[in-house]
Protein chains: 2
Amino acid sequence: MPPTLTVDAVVFRLQDNDLEVLLVKRAKDPFKGEFALPGSYCSAGETSTESFERTLKVKAGCDPKQLKLVEQLYTFDTVARDPRGHAISITYMGLGKDIALQKKNATEDPDFYSLNNLPKLAFDHEIIINYAHERLRSKLAYTNAVFAMLSTTFTLTELQMAYETILGHKLDKRNFRKKILSYDLLKETGEKLTAGAHRPAMLYMFKQRALEVLVRSLD
Amino acid sequence: MPPTLTVDAVVFRLQDNDLEVLLVKRAKDPFKGEFALPGSYCSAGETSTESFERTLKVKAGCDPKQLKLVEQLYTFDTVARDPRGHAISITYMGLGKDIALQKKNATEDPDFYSLNNLPKLAFDHEIIINYAHERLRSKLAYTNAVFAMLSTTFTLTELQMAYETILGHKLDKRNFRKKILSYDLLKETGEKLTAGAHRPAMLYMFKQRALEVLVRSLD
């Protein structure tokens, strides 16, 4: 007998300088009533991307169009990860900004929770979230992926805070600005943000709002 | 009905300055007698890594212990990729040097074929090989992955040729040496290679013969 096949969704957003993940409360056993990533069985004739999108809509009331970046994360297949028997999970990571949930239309009571204060999770979902967080951290170093979690325009201070929140540690302001501008990913908008007594700050935007990989030349 | 679940193996080796991939001739329909990646159905109770290793041994006579680096590549799930019905393939990439095949013990007539001259392939296996090649290329820029395809010790000329073969283009000798030494991945062995009329060349080795990711500091 083949293993069963499921899809699980790891959706991250930045909110008030906090990295949050979308969780649901499971409507059915096993782990009924416990927190988990939104997940479903895959059906034949449906790709795993389609299963991912259906799961977000139905279980978490989350319109996947709100995600600015989606990628396949990893396929988890430890034999003992599901008490019902060997189940394989194809996982996807989605990133967005200001993601709204249609809670009334959701079957599993969805909400966002801070990664700094996660509830106890069903299955191996804590492992999956940690894996996704690590992937996101490493992508910050060689891609423009953070664009998906920011407004279209932002100050360098806002960009640095996004990086710090995801990485989980402070960065030196001067060096961060020098490095990030040297990567040629950003452009000035010409607009400035005036806030309180501070000097107006230049607003930047990413040259591309699609994933761009920093190529490290070998010569 | 859920999709069926398979594992396919993309095993690369460098041979005579050529990048080669392990292929088999399929023993059964569909695509009987045609070239394909070694692949199998997954069984419950077996992880996909275990299915990968079993497939290599049984179908391709390849002892997976010869692979110096193995990683999950991607899970392919296009609905129409298998004429038998919706089949999902968890793919793994394995890298090695001097990989020997026990052809007598193999069920599907395995051999290595140059990526520059691939035969027509069954299913979507050409897409999978191209995806793996692209992953390998990009890993060269931010990891030490090439160690898995080289002897323990090597000259900088041999290292550059390995990079050029995988990337598919020439690199500037002086800049390559400067960059690769700046990454702090290599150490001098103290030994030199004397060949023909050339000046003896320093032999290097990787500090680690396990995957090491170059961290790009953001400050």
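Predicted model: local features only at pLDDT ≥ 70, side-chain atom pairs only at ≥ 80, totals over all residues.

Reader: What phi does Asn17(A) have?

Author: A positive one, about 55 degrees, although Asn17(A) is not a glycine. Most residues other than glycine have a negative phi.

Reader: Is Asn17(A) buried or exposed?

Author: Exposed. Asn17(A) has 10 C-beta neighbours inside 10 Å, so it counts as exposed. The cut-off for that is 12 or fewer.

Reader: And what about Asn17(B)?

Author: Asn17(B) has a positive phi of about 55 degrees too. It sits in the loop between E1 and E2 of chain B. With 10 C-beta neighbours inside 10 Å, Asn17(B) counts as exposed.

Reader: Which peptide bond is cis in chain A?

Author: The one joining Asp29(A) and Pro30(A), with omega about -5 degrees. Pro30(A) is in the loop between strand E2 (18–25) and strand E3 (35–36) of chain A. In chain B, a cis bond joins Asp29(B) and Pro30(B), again with omega about -5 degrees. Pro30(B) is in the loop between E2 and strand E3 of chain B.

Reader: OK, zoom out. How many helices and strands does chain A have?

Author: Four helices and nine strands. From the N terminus, the order is β-β-β-β-α-β-β-β-α-α-α-β-β.

Reader: What are the dimensions of chain A?

Author: Its C-alpha trace spans about 60 × 45 × 30 Å along the principal axes.

Reader: What share of the contacts in chain A join residues at least 24 apart?

Author: 68%, among contacts between residues at least 6 apart in sequence.

Reader: Now the pair. How many residues of chain A are in contact with chain B?

Author: 34 residues of chain A, in contact with 34 residues of chain B. Strands E1 (4–15), E5 (67–76) and E6 (87–96) of chain A each supply at least two residues to that side, as do helices H2 (125–142) and H4 (173–182). By class, the side has 18 nonpolar, 11 polar and five charged residues.

Reader: Pick one helix. What covers the buried residues of H1(B)?

Author: The cover includes E5 of chain A. It also includes strands E1 (4–15), E2 (18–25), E4 (39–41) and E6 (87–96) of chain B. Among the buried residues of H1(B) are Phe52(B), Glu53(B), Leu56(B) and Lys59(B).

Reader: What length is H1 of chain B?

Author: It has 13 residues, 48–60, and reaches 17 Å from first C-alpha to last, close to the 18 Å expected. Just after H1(B), Gly61(B) takes a positive phi of about 60 degrees.

Reader: Last one. What ipTM does the predictor give the complex?

Author: An ipTM of 0.88, with a pTM of 0.92. For chain A, the mean pLDDT is 93, and 99% of residues reach 70 or more.

Key: Residues numbered from 1 in each chain as written. Chains lettered and ligands numbered in written order. Contact = placed C-beta atoms within 7 Å. Nonpolar A, V, L, I, M, F, W, Y, C, P; charged D, E, K, R; others polar. pLDDT = per-residue confidence, 0-100. Expected span 1.5 Å × (residues − 1). Buried ≥ 20, exposed ≤ 12 C-beta atoms within 10 Å, placed from the backbone.
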